[in-house]
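I wanted a record of what I looked up in this structure, entry by entry, with the cut-offs beside the terms. The entries follow the order in which I worked.

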Amino acid sequence: MPHSRRHFVTSIASALPSFHLLSAEAQPTPKWQAKLTAIRDKHQLPGLGAALVTKSGLHSLAVAGVRKAGTEIAVTTSDLWHLGSNTKAMTSTLAALAVESGKLTWQSTVAEIFPTQPDVKKSPLARATLTQLLTHWSGLPANAPWGMLGLAGTDRRAQRAATLQFAARTPDLAEPGKVHLYSNLGYVIAGHMLETVLEAPWEDLMQDKLFKPLGIHQAGFGGTGTAGKVDQPWPHQADGQPTPNNGPLVDNPAVLGPAGTVHLSLADWARFITAHLISDETLLKKATWQHLHTPTVPGNPYAFGWLAVDRTWGGRVLNHGGSNTMNHSVTWVAPEKGFAMLACTNSGSDVAAKALDDVAGMLIQEIQRSSTN
């Protein structure tokens with residue numbers, strides 16, 4: 001779920017330095033590396049990674065710390081990080097691709113996509129639209145018994161079909177559009193709508209229709225690393241200690257995927273963020289990007305996987321945070337100023353979100369300095 005963020009007040013010039021796009025491995029060590037390390041040390045995090053993005057793509061990135069507390073195995077610039085709810089903007093972008101292809105509309109309802117489901121017909125959920133599911137106006141609660149639903153079938157589409165039944169049977173649901181409730185459950189139902197009209201599991205759709213066209217090759221789902229090996233950032237608990245195990249299964253159940261199970265490298269996340277930053281018309285129409293970035297209800301900042309808020313340093317900016325309780329991530333995107341920042345840590349500690357806020361503030365200051373030099 002998204003975390004509240006500090007109201008950054010740093011001003012920034014509109015001009016940004018030019019650069020040649022480089023791979024993560026070829027990136028020179030940025031001047032702000034030492035500051036990132038200091039933030040990591042201050043908050044006693046295991047690992048920390050961050051990147052600056054401009055309209056040309058990845059501008060600079062750096063990492064600090066170790067993959068697992070108690071070891072000396074350093075994190076690297078090519079490591080994979082768990083995004084948690086920053087997956088939601090990706091699911092919404094996939095939905096936009098489905099809308100542009102004519103497979104459904106923003107106003108397609110749950111009942112229209114699942115006309116033979118008797119439980120849906122009897123529920124207010126029947127009237128929830130794709131838009132309402134993706135902007136948290138569906139009336140659904142935050143979560144479901146994910147562990148139980150993860151056992152409901154041998155494949156993830158079957159598990160999400162069971163999730164739809166569970167949601168439709170939930171008593172006393174609010175009428176769609178009446179109340180704003182942040183809902184992982186709503187995103188899973190939206191993901192299942194996409195699976196149904198596009199006839200493939202959400203995970204396959206993400207790879208084929210979103211990641212591959214953007215040149216993203218290291219993205220996956222679930223926990224990172226090989227079980228028992230410190231070959232990727234290891235997840236850490238709220239007390240700062242490493243979780244007993246690691247690997248793909250150390251995450252929320254896979255059924256939750258559309259709401260928050262993507263992992264990928266900083267460089268690959270930057271490719272996705274760049275598409276939103278420039279409204280990449282090789283993927284979606286400019287008007288569709290604008291739709292994704294615009295809240296649907298006046299006075300409420302939630303757009304499609306984004307909080308759209310005003311900041312003095314960036315104008316109208318897009319923000320979201322993510323956590324699976326063992327990792328944290330955050331991104332800020334400033335289309336009007338042509339830059340974005342992203343940060344990740346393999347920590348579930350209470351100070352992890354504060355540390356990522358510190359990283360964002362530091363990167364804003366770095367851009368300000370670069371723009372005035």
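**Loop residues with positive phi**

I began with Q44, which I found in the loop between α1 (33-43) and β1 (47-54), where helices (H or I, at least four residues) and strands (E, at least two) are DSSP runs numbered from the N terminus. The model is a predicted one, in which local features need pLDDT of at least 70 and side-chain atom pairs count only at pLDDT 80 or more, while totals for chains, interfaces and linings use all residues. Residues are numbered from 1 along each chain as its sequence is written, and side-chain values use heavy atoms, with hydrogens and water left out.

I noted that Q44 has a positive phi of about 55° although it is not a glycine. Most residues other than glycine have a negative phi. Q44 counts as exposed because its relative accessibility is 71%; buried means under 20% relative accessible area, exposed over 50%, and partly exposed in between, with a 1.4 Å probe and protein chains only.

I then turned to T325, in the loop between β7 (315-323) and β8 (328-334), which is not a glycine either and has a positive phi of about 75°. With a relative accessibility of 57%, T325 counts as exposed.

Next I checked the length of α2, whose 14 residues should span 20 Å at 1.5 Å a residue, and the end C-alpha atoms are 20 Å apart, which agrees; the expected span is 1.5 Å times one less than the number of residues. Of these 14 residues, 13 are buried, so α2 is largely enclosed by the rest of the structure. After α2 comes G102, with a positive phi near 85°.

How do the axes of α2 and α11 cross? I found that the axes of α2 (residues 87-100) and α11 (residues 266-278) come within 12 Å and cross at roughly 55°, the axes being lines fitted to C-alpha atoms, for helices over the stretch in contact, with angles running from 0 to 180 degrees between N-to-C directions. That makes α2 oblique to α11, since angles under 35 degrees count as roughly parallel, over 145 as roughly antiparallel, 65 to 115 as roughly perpendicular and the rest as oblique.

The crossing in which α2 passes α11 is left-handed, a term used if the near helix is turned anticlockwise from the far one by less than a right angle, with right-handed used if clockwise. The contact (heavy atoms within 4.5 Å) is made by A89, M90 and T93 of α2 together with W269, F272 and H276 of α11. I sorted the contact of α2 with α11 by class and got four nonpolar, two polar and no charged residues; Ala, Val, Leu, Ile, Met, Phe, Trp, Tyr, Cys and Pro count as nonpolar, Asp, Glu, Lys and Arg as charged, and the others, Gly among them, as polar.

**Helices α8 and α9**

I looked up a second pair, α8 and α9, which pack at an angle of about 75° with their axes 9 Å apart, and are therefore roughly perpendicular to each other. On the α8 side the contact is made by G191, L194, E195 and L198, and on the α9 side by W202, L205 and K209. By class, this contact of α8 with α9 has four nonpolar, one polar and two charged residues.

**Helix α7 and what packs around it**

For α7 (residues 156-169), I found 14 residues and a reach of 20 Å from the first C-alpha to the last, close to the 20 Å expected at 1.5 Å a residue. The buried residues of α7 are Q159, R160, A162, T163, L164, A167 and A168, and they pack against α3 (110-113), α4 (118-121), α6 (146-149), α8 (184-198), α9 (202-211) and α10 (257-260).

I followed this up at D119, placed in helix α4, which is buried with a relative accessible area of 14%. Not counting residues up to four places away in sequence, D119 touches Q165, A168 and R169. S123 lies in the loop between α4 and α5 (130-134) and counts as buried at 3% relative accessibility. Leaving aside neighbours within four places in sequence, S123 is in contact with A168 and L173.
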